[in-house]
Structure formats: structure tokens, C-alpha cells
Amino acid sequence: MKILVVGSVAYDAVETPEGKRVSQLGGSASYFSVAASHFTDVGIVGVVGRDFRDEDLRMYEAHGIDISGLEIADGKTFRWAGDYMQDINTAVTHETQLNVFADFTPDLDERHATAPYLFLANINPSIQLSVLNKMSSRPKLVACDTMNLWIDIARPALAELIGKVDALMINEGEARQFTEDDHLPTAARSLLNQGPSTVVIKRGEYGAAMFNHAFNFAAPAYPLATVVDPTGAGDSFAGGFMGYIAATGDTSEEGLRRAAIVGSTMASFAVEAFGLDRTRNLTHEDIAERYQSFVNLTRFLPLSSSSGLPRRPGS
Ligand code: AMP
């Protein structure tokens, strides 16, 4: 197993200007693992309830996702309800039912505990920390995500977690909330100073900004005509980002830049349809083609060496 992910596995009720879905398979670990499965082997550690559908278990298996760490417990699967009616970039949460996640204690077997890459997807930071602590050796790269709920109710555990990861993925609103700094570049510096060597700030339709002690990088969002359902965009970004890094082992500056574009590519597919409908049906060619569209979208040449930056005549 190349990447181990712990996070929510959920049934979501989602409303967007494009429509409504109830009991839609979601959760941070679902979006992450399906996106990453296009590039490498992924295993999930998490919990679902007895109401979890067989067809959803089979969907993971069809993507080669190892679900031996997905416990089926007495009780109901985690449920989240939200809408994007006011602002397509920001979910308004109506309801979060932790259900079987309320007393989940992750249990890692040998294969899970030795995974070289670890993604601590959005879930209670104490669960994220317990998975990190149960790894038998420090993975090559540990990344995490979070959300406003945990900043509100579990800040000390979240701060401890941020101090232990290599890469932090966070929404711009959450970065502002956590650092109490409205200005993103200084908020990102403050997060870098708390531990991670890379901070990716996700900005919805404005793309993602990657900050590192050595360099900064801006990945645009793909200019889609319609965003159908933004749920899972961040986790799909993380799945593409980590999937690329785990598959190539490349954590150089160039590798991280490419990983951010693979992440943006997977996020752009995620939002084109409800839930996992687009991401789970992608071909490798679809992904490679869209990556190339990103290259074209951002390509520009240095100023010509002979003439440089034009000057107003006489200045
Ligand atoms: P994203 O849109 O990438 O931020 O993630 C969307 C997913 O996060 C949805 O499928 C939800 O099931 C899941 N989610 C929402 N609230 C929480 C929470 N408090 N903890 C863990 N996962 C959550």
C-alpha cells in the first residue's frame, strides 16, 4: 500500500444551484481515495455503519482501493448535509451526524502502519493524530486537511497535528480563521512557521496557492462553464497531489509544482458532476489531456533576452 488515508466515509445530502442529492456517497476519504487511485495504491482506514451500501464497497474495490481498514460498526454511517446556494465556493453546513465516527478508534494492521505516504483527511484531529501515532515508522510524507468545525471545537489537537505534518491543505477561509490573519501570504507564513514545509491554500474557483520555505506557486482553477457540485473538490485535489507524489517519489520543487497541477486537474473533474460521478469514471487519457490544458492555460515565455521589458520611448 503506497498511501494510507484516514478520513470520513459519508452519506451526504447536498444542494447546489444545479440540483439536489440525498444519501450521496461522499466523505473526505472517499473523494481522496478515488482521485488517488488513478495513480497509485491506496488504502482507507475509517468506519461506516450497517446502513452502508454494498454497491459503494464494490465501487472502492473496482478502483483497487484497499478497504480492509474500513470497519463496519453497529450504528449509522457519518452523515453531512450542506448547500452551496449563496456561494458556490463555500459550503453552508446544515447538519453533521458523526454517528459511528463518534467513538471510532482506528486500528492499523502491518500493511497500513508501514505505508510510506499518509493522508490525514478531514475528520476529528484526535482521530488524525491517533493514526499518525500508530504508524510503525515515520512515513516519507504526511499531509493533512481540516475544516472550520475542528478549528472551532478541537483547536489544541489541530494545532498539535499541524505541528507534525509535512504538508497542510486548508481552505482560504479556514487559514484566516486558524491564524487570525486575513492576509493570505502572511497567514501562510504563519502556518509554515508552525511545522509544515508546504502549505496549500485552496481558493475554490480561484485555484490553489502553494507556499513553501523555498518557493511559492499558484495553480489556477480550470475555467469550467458550470460547477455542478463543489463537494469533495479539496479532497480530490489532495488525492491528485498525493497520488502523483507517491507514484513518482518526487518531492523536488518541480515535483511539487506538477503535483499541484495534478491536484487541480482532479479537483476540476470532481466539481463537474454530483459526488463521485465524474471522478470515478475517468480514464487515464482524460486526466493527461486536462493536465495538458493546465499547461496551456498557464504557459508564458520569459521576456525576450534581446529586448526585455518594453520601455516608453525616451524614459
Ligand atoms: P470538501 O468539499 O473537499 O471539503 O469535502 C467534502 C466532504 O467532507 C463531504 O463529502 C462530507 O461528507 C465531508 N465532511 C463534511 N463535514 C465533515 C466533518 N466535520 N468531518 C469530516 N468530514 C466532513
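In this predicted model, the count of aromatic pairs comes to seven. A pair of aromatic rings is described by the distance of the centres and the angle of the planes. For Phe32 and Phe119, the ring centres lie 4.4 Å apart and the planes meet at 10°, so the pair is stacked, given that planes under 30 degrees apart count as stacked. Phe32 belongs to helix 1 (residues 28–36) and Phe119 to strand 8 (residues 117–120), so this pair ties together parts that are 87 residues apart in sequence. Phe32 and Phe119 are both buried.

Another of the pairs is formed by Phe52 and Tyr60, whose ring centres are 6.4 Å apart and whose planes stand at 5°, so this pair, too, is stacked.

Because its relative accessibility is 17%, Phe217 counts as buried. When neighbours within four places in sequence are left aside, Phe217 is in contact with Ala208, Ala209 and Met210, and also with Arg257, Ala260 and Ile261. Glu253 is 36 residues away from Phe217 along the chain, and the C-alpha atoms of these two residues are separated by 9.6 Å.

Packing between helices was examined for helix 4 (residues 125–134) and helix 6 (residues 155–162), which pack at an angle of about 35° with their axes 8 Å apart. The crossing in which helix 4 passes helix 6 is left-handed. On the side of helix 4, the residues that meet helix 6 are Pro125, Ser126, Gln128 and Leu129, and their counterparts in helix 6 are Ala157, Leu158, Glu160 and Leu161. The residues of this contact divide into five nonpolar, two polar and one charged.

The backbone was considered next. Most residues other than glycine have a negative phi. Asn99, however, has a positive phi of about 45° although it is not a glycine. The position of Asn99 is in the loop between strand 7 (92–97) and helix 3 (110–113), and with a relative accessibility of 26% Asn99 counts as partly exposed. A positive phi, of about 55°, is also found for Glu180, which is not a glycine either. Glu180 lies in the loop between helix 7 (172–179) and helix 8 (184–192), and because its relative accessible area is 68%, Glu180 is exposed.

How values were computed: Residues numbered from 1 in each chain as written. Predicted model: local features only at pLDDT ≥ 70, side-chain atom pairs only at ≥ 80, totals over all residues. Heavy atoms only, no water. Buried < 20%, exposed > 50% of the residue type's maximum accessible area, 1.4 Å probe, protein only. Contact = heavy atoms within 4.5 Å. Axes fitted to C-alpha atoms, helices over the stretch in contact; angles between N-to-C directions. Helix = DSSP H or I, 4+ residues; strand = E, 2+ residues; numbered from the N terminus. Left-handed = near helix turned anticlockwise from the far one by under 90°. Nonpolar A, V, L, I, M, F, W, Y, C, P; charged D, E, K, R; others polar. Phe/Tyr/Trp six-rings, centres within 6.5 Å; stacked < 30°, edge-to-face > 60°.
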